[in-house]
Amino acid sequence: MASPDSSNILKITVQTNPSDSQLSQLGIKSWPKWGCSPGKYELKFDAQETCYLVRGKVKVYPKNPQGEVVEFGAGDLVVFPKGLSCTWDVSVAVDKHYKFDASSSSSSS
């Protein structure tokens, strides 16, 4: 029998302190902003989201039993996979720029 396919595990990727040139290449400053105060939030990602934390500290608990608890904070570039359901435990108020990946919801026209 085949072992479970590891690509089915929705993995959050965190890049600590990306370079200014990478941030400007991505156009981070033109992305919309979102913020929240400390607390627990249930989130589901219907599309892949890339975000850059200007401030804050978060611990994410995926609903998926194989998912790993991930921590990130100010200065981190984080990618959440499409289909991820998780709980955000925000210990320091969050201020972030974010962008949804349009290609994860439709193909080119």
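This is a predicted model: local features need pLDDT of at least 70, side-chain atom pairs count only at pLDDT 80 or more; totals for chains, interfaces and linings use all residues.
User: Why is Trp31 called buried?

Analyst: Buried means under 20% relative accessible area, exposed means over 50%, and partly exposed lies in between, with a 1.4 Å probe and protein chains only. Trp31 has a relative accessibility of 8%, and therefore it counts as buried. Its place is in the loop between helix 1 (20-26) and strand 2 (33-36). Of the 109 residues of the protein chain, 35% count as buried.

User: Which residues is Trp31 in contact with, leaving aside its neighbours within four places in sequence?

Analyst: Contact means heavy atoms within 4.5 Å, and with those neighbours left aside Trp31 is in contact with Leu26, Thr50, Cys51, His97, Tyr98 and Lys99. The C-alpha atoms of Trp31 and Lys96 are separated by 9.3 Å, although the two are 65 residues apart along the chain. For the protein chain, residues 24 or more positions apart account for 80% of the contacts with a separation of 6 or more.

User: Why is Lys29 called exposed?

Analyst: Lys29 has a relative accessibility of 80%, so it falls on the exposed side of the cut-off. Lys29 is found in the loop between helix 1 and strand 2, and its C-alpha atom is 9.6 Å from that of Tyr52, 23 residues apart in sequence.

User: How do you know that Glu42 and Lys63 meet in a salt bridge?

Analyst: A salt bridge is a side-chain nitrogen of Lys or Arg within 4 Å of a carboxyl oxygen of Asp or Glu. The side chains of Glu42 and Lys63 meet at 2.4 Å, N to O, and the pair is a salt bridge. Glu42 lies in strand 3 (residues 39-44) and Lys63 in the loop between strand 4 and strand 5, so the pair ties together parts that are 21 residues apart in sequence. Glu42 is exposed, with a relative accessible area of 57%, whereas Lys63, at 48%, is partly exposed.

User: What other salt bridges does the structure hold?

Analyst: The structure holds six salt bridges, and one of them joins the side chains of Lys11 and Glu68 at 3.8 Å, N to O. Lys11 lies in the segment before strand 1 (13-16) and Glu68 in the loop between strand 4 (49-62) and strand 5 (70-73), so this pair ties together parts that are 57 residues apart in sequence. Both Lys11 and Glu68 are exposed. A further salt bridge is formed by Lys44 with Asp46, whose closest N and O atoms are 3.9 Å apart. Lys44 is exposed at 52% relative accessible area, and Asp46 is exposed at 58%.

User: What makes the phi of Asn17 worth a remark?

Analyst: Most residues other than glycine have a negative phi, and most peptide bonds are trans. Asn17 is not a glycine, yet it has a positive phi of about 50°. Asn17 has its place in the loop between strand 1 and helix 1, and with a relative accessible area of 57% it is exposed.

User: Which residues line the largest pocket?

Analyst: Trp34, Leu43, Lys44, Phe45, Glu49, Lys96, Tyr98 and Phe100 line the largest pocket. On a 1 Å grid over the protein atoms alone, a pocket is an open set of points where a 1.4 Å probe fits, with protein on both sides within 12 Å along at least five of seven lines, and lining residues have an atom within 4 Å of a point. Strand 3 and strand 7 (85-100) are the elements that give two or more residues to this lining, and strand 7 supplies the largest share, three residues.

Methods:
Residues are numbered from 1 along each chain as its sequence is written. Side-chain values use heavy atoms; hydrogens and water are left out. Helices (H or I, at least four residues) and strands (E, at least two) are DSSP runs, numbered from the N terminus.
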